[in-house]
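Visitor: I'm new to reading protein structures. Could you walk me through one, feature by feature?

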Amino acid sequence: MTQTSSQPTCQTYGHLIGGQDVQPQGAVLFQSRSSGDLSDVLGTFPEASRADVRRACEAARAAFPRWKATPAPVRGEIIGHIGRAIAREKEALSRLLSREMSKTLKEARGDVQEAVDTCAFFQSEGRRLYGQTVPSEMPSKELKTYRRPLGVVGIVTAGNFPVAVPSWKIIPALLTGNVVVWKPSEDAPLTSYAFARLLEEAGVPDGVLNVVFGGGKDAAGQFLVEMLDERLLQKIAFTGSTAVGRWIGEVAGRNLTHPTLELGGKNPLVVMRDADIDNAVQGALWAAYGTGGQRCTSAGNLIVDAPVYSEFRDKLLAAIQSIRIGNPVKHEDVLYGPFINERFFRSWEAHYAWGEEDGATLLYGQGRITPGNRPAGFQGDPEAAFYGWPTLWEGVRPGMRLFQNEVFGPTVNLVKVDGFDEAIAAANAVDYGLSSAIYTNDRSWAHRFQEEIEAGMTSINNSTTGAEAHMPFGGTKGSGNGTRESGIWVLESYTYWQGVNDDISGRLQLAQMDTAYAQPREAFSVGRLLSGRSEVDGI
Ligand code: UN1
């Protein structure tokens, strides 16, 4: 890789294995095309075979002892170098990211900044990574605990946050002394390649981070997960769909490993009768249509209290009608661009039939944007990519497929409720529990919501998206398995605890047996104080 500019030449890139650029002979190749202009080819990449993935795991395993023995503060210094390298290349990397997977430049900069923030946090964690000292029940014996790395970590990530989400996994995994094999999304391989090269530049030793390219199912992603069965991986970390997450959980479980699973969401945004409606409309608009609805934290159900329902609906509808859509590389002022890939587009397109069959009312939206079917705010050539109308449904109720299922795209449901109890019941009536939001100025409703909502993340008077990089990220129910990313909480996912007993007495001391437990003296009865015969002088 000689450049990470916004105009990379179209060349063939290899996997990064053991510090080498590996282009296996006879490999099947795939191209990275801009999601916003399918004729714009950014690069060609090999599809990793099972043997390639195995080789990457073996390279990682060979690098593990040295990296594990590198002092954590030194590993932290390298993380600091990574953060500075990414910050230096922020603009070029953001432009590349935006061109490759078509989020807006503003959002792409946020995506990259999240990685910089993650490095800032974990650089200094290298100087903490605390264990504990614990008093022993015997003399001349010391007890202490250490966090230890797990070994080779396989990481599989999605294309909607090609820098931020991989950094949530890779950075803490490396900081804690693990080595990594990463299978990035086939939707953003060049951004991923550039990101990996910046880690290499920062001083991550050969073999400590390996990257294999390719698809997910029946391809590189699946092969990487199955390396658990070959004992070549000690952990897998995954961001993606709940269906794939369940399968990964099964493979991880039969190998007695604990995967990190960051899965889907059907995130509720509640608007109560006392809310600042204009603020709620802005929050809902961003939560539903920002990133074209392709965030796991995007809002799925807008649950609106009856007295403000009409006002909220009308204002939201007006705001939707002025959304600007187009290729973000060519039109910087758009709210969202095209679908990241055709698969997301097809499954979003299918949700129209659910709405119609289940009896919901389509308030706005007409499927795919085409030359003859475009909203007023659309700019550019609709046929250069897959674009969707911003879509709004009403009359949606729990039980309908529209209500229950995640739809990864620009669509959201209006769900009318009467009062807080109905609102919280609707908010919890999905099998997911990732993020959530409530708009209210009532302290007790806000308090009840944060206590009663079944979700890993909750916003009060802000949208469902936009978690900060040092807060615990993850969900409950179908949104994950309880693991958390980011901040101090992620350390649990990439380390195991070792307890050490250090006996310096010079003799065999037996726990629970040779222990001089303190013996209480004769029982003292408080009741006898007042029972006639004084035990205490002066009473
Ligand atoms: C995702 O969609 O997988 O909280 C991650 C947010 C972003 C991360 C989303 N910071 O919306």
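Visitor: How many residues does helix α9 have, and what reach is expected at 1.5 Å a residue?

Guide: Before the numbers, some ground rules. This is a predicted model, where local features need pLDDT of at least 70, side-chain atom pairs count only at pLDDT 80 or more, and totals for chains, interfaces and linings use all residues. Residues are numbered from 1 along each chain as its sequence is written, and side-chain values use heavy atoms, with hydrogens and water left out. Now, helices (H or I, at least four residues) and strands (E, at least two) are DSSP runs, numbered from the N terminus. The expected span of a helix is 1.5 Å times one less than its number of residues. Helix α9 covers residues 277-289, so 13 residues, and spans 18 Å from first C-alpha to last, close to the expected 18 Å.

Visitor: Which residues of α9 are buried?

Guide: Here's the general idea: buried means under 20% relative accessible area, exposed means over 50%, and partly exposed is in between (1.4 Å probe, protein chains only). In α9 the buried ones are Ile277, Ala280, Val281, Gly283, Ala284, Leu285, Ala287, Ala288 and Tyr289.

Visitor: What do those buried residues pack against?

Guide: Contact means heavy atoms within 4.5 Å. By that rule, the buried residues of α9 pack against two kinds of neighbour: the strands β12 (267-271), β13 (299-305), β15 (391-394), β16 (411-417) and β18 (435-439), plus the helix α10 (306-321).

Visitor: What caps the N-terminal end of α9?

Guide: For this you need the polar contact, a pair of N or O atoms within 3.5 Å; within protein, one must be able to donate a hydrogen and the other to accept it, and residues adjacent in sequence count only if both atoms are side-chain atoms. The cap on α9 is Asp276, with a side-chain oxygen 3.2 Å from the backbone nitrogen of Asp278.

Visitor: Is Lys183 buried or exposed?

Guide: Lys183 is buried, at 2% relative accessible area. Its side chain meets that of Glu186 in a salt bridge (3.4 Å, N to O), and Glu186 counts as partly exposed at 32%.

Visitor: Which residues form a nonpolar patch on the surface?

Guide: Patches are made of residues with over 30% relative accessible area and no salt bridge: like charges are joined within 9 Å, nonpolar side chains (Val, Leu, Ile, Met, Phe, Trp, Tyr) within 5 Å. Accessible areas come from the Shrake-Rupley method with a 1.4 Å probe; for residues, only the protein chains shown count as cover. Here Met471, Ile488 and Trp489 form a nonpolar patch, with about 300 Å² of accessible area together. Trp489 lies in the loop between β20 (476-477) and α15 (491-494) and is partly exposed at 37%.

Visitor: How many helices and strands does the protein have?

Guide: There are 15 helices and 21 strands. Buried residues make up 56% of the 539 residues, and the accessible surface comes to about 22800 Å², with 50% of it belonging to carbon and sulfur atoms.

Terms used:
Salt bridge = Lys/Arg side-chain N within 4 Å of Asp/Glu carboxyl O.
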